Amino acid sequence: MVEVKIKPLADRVLVQPDPAETKTASGIIIPDTAKEKPQKGTIIAVGKGKKDEPMSLKEGDRVLYGKYSGTELKWEGEEYLIMRESDIIAII
């Protein structure tokens, strides 16, 4: 688990996206211009939730999220996404 000093507020979560696929299943190398944005990642930090809605996610959960969800954030050379709990589609 990565130690990050970012603490999301309210119902937001900090997600470290999985790296984009560089090869297809058949072994074809995908160029940078054709890579898809990853839609799954690991939750690094969670907020406390809203007053009447506690967080159902926890650090370390592997999740699926929408293709264009969240705000991209670079911190100490790593890329993260910060998004609302409602942007998370599923826990895997």
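Q: Leaving out residues up to four places away in sequence, which residues does P38 touch?
A: This is a predicted model, so let's read it as one. P38 sits in the loop between β1 and β2 (40-46). Skip the residues up to four places away in sequence, and the partners left for P38 are P17, D18 and Y65.

Q: Is P38 buried, partly exposed or exposed?
A: Buried means under 20% relative accessible area and exposed means over 50%. P38 comes in at 25% relative accessibility, so the label it gets is partly exposed.

Q: How far apart in space are P38 and D52, C-alpha to C-alpha?
A: Along the sequence, P38 and D52 are 14 residues apart. Going from C-alpha to C-alpha in space, the gap between P38 and D52 is 31 Å.

Q: What separation do the C-alpha atoms of E53 and P38 have?
A: E53 belongs to strand β4 (residues 53-54). Along the chain, E53 and P38 are 15 residues apart.

Q: Which element gives the largest share of the lining of the largest pocket?
A: That pocket holds about 300 Å³ of space. Its lining has 18 residues, and P17, K37, P38, E72 and E79 lie nearest the centre. Elements giving two or more residues to the lining are β1 (12-17), β6 (71-75) and β7 (78-84). The largest share, 4 residues, comes from β7.

Q: How far apart in space are R12 and A45, C-alpha to C-alpha?
A: R12 is part of strand β1. In sequence, R12 and A45 are 33 residues apart. In space, C-alpha to C-alpha, the distance between R12 and A45 is 8.8 Å.

Q: Not counting residues up to four places away in sequence, which residues does R12 touch?
A: R12 has 30% relative accessibility, so R12 counts as partly exposed. Set aside residues up to four places away in sequence, and R12 touches V46, G47, M55, I82, M83 and R84.

Q: What is the phi of A10 near?
A: Most residues other than glycine have a negative phi. A10 is found in the segment before β1, and its phi is positive even though A10 is a residue other than glycine. The value is near 50°.

Q: Is E76 buried or exposed?
A: You'll find E76 in the loop between β6 and β7. E76 is not a glycine, yet it has a positive phi of about 50°. With a relative accessible area of 70%, E76 passes the cut-off of over 50%, so E76 is exposed.

Q: Which pattern does the protein follow, read along the sequence?
A: There are 0 helices in the protein, and 8 strands. Reading along the sequence, then, you get β-β-β-β-β-β-β-β.

Q: What percentage of the protein's residues count as buried?
A: The C-alpha trace spans about 50 × 30 × 20 Å along its principal axes. The protein has 92 residues, and the share of them that count as buried is 32%.

Q: How far apart do the centres of the positive and negative side chains lie?
A: The protein has 15 positive side chains and 16 negative ones.

Terms used. Residues are numbered from 1 along each chain as its sequence is written. This is a predicted model: local features need pLDDT of at least 70, side-chain atom pairs count only at pLDDT 80 or more; totals for chains, interfaces and linings use all residues. Side-chain values use heavy atoms; hydrogens and water are left out. Buried means under 20% relative accessible area, exposed over 50%, partly exposed in between (1.4 Å probe, protein chains only). Lys and Arg count as positive and Asp and Glu as negative; His and the chain ends are not counted. The place of a charge is taken as NZ of Lys, CZ of Arg, CG of Asp or CD of Glu. On a 1 Å grid over the protein atoms alone, a cavity is a set of points where a 1.4 Å probe fits but cannot get out, and a pocket is an open set with protein on both sides within 12 Å along at least five of seven lines; lining residues have an atom within 4 Å of a point. Grid points are joined across faces, edges and corners, and a volume is the space filled by probe spheres set on the points. Contact means heavy atoms within 4.5 Å.
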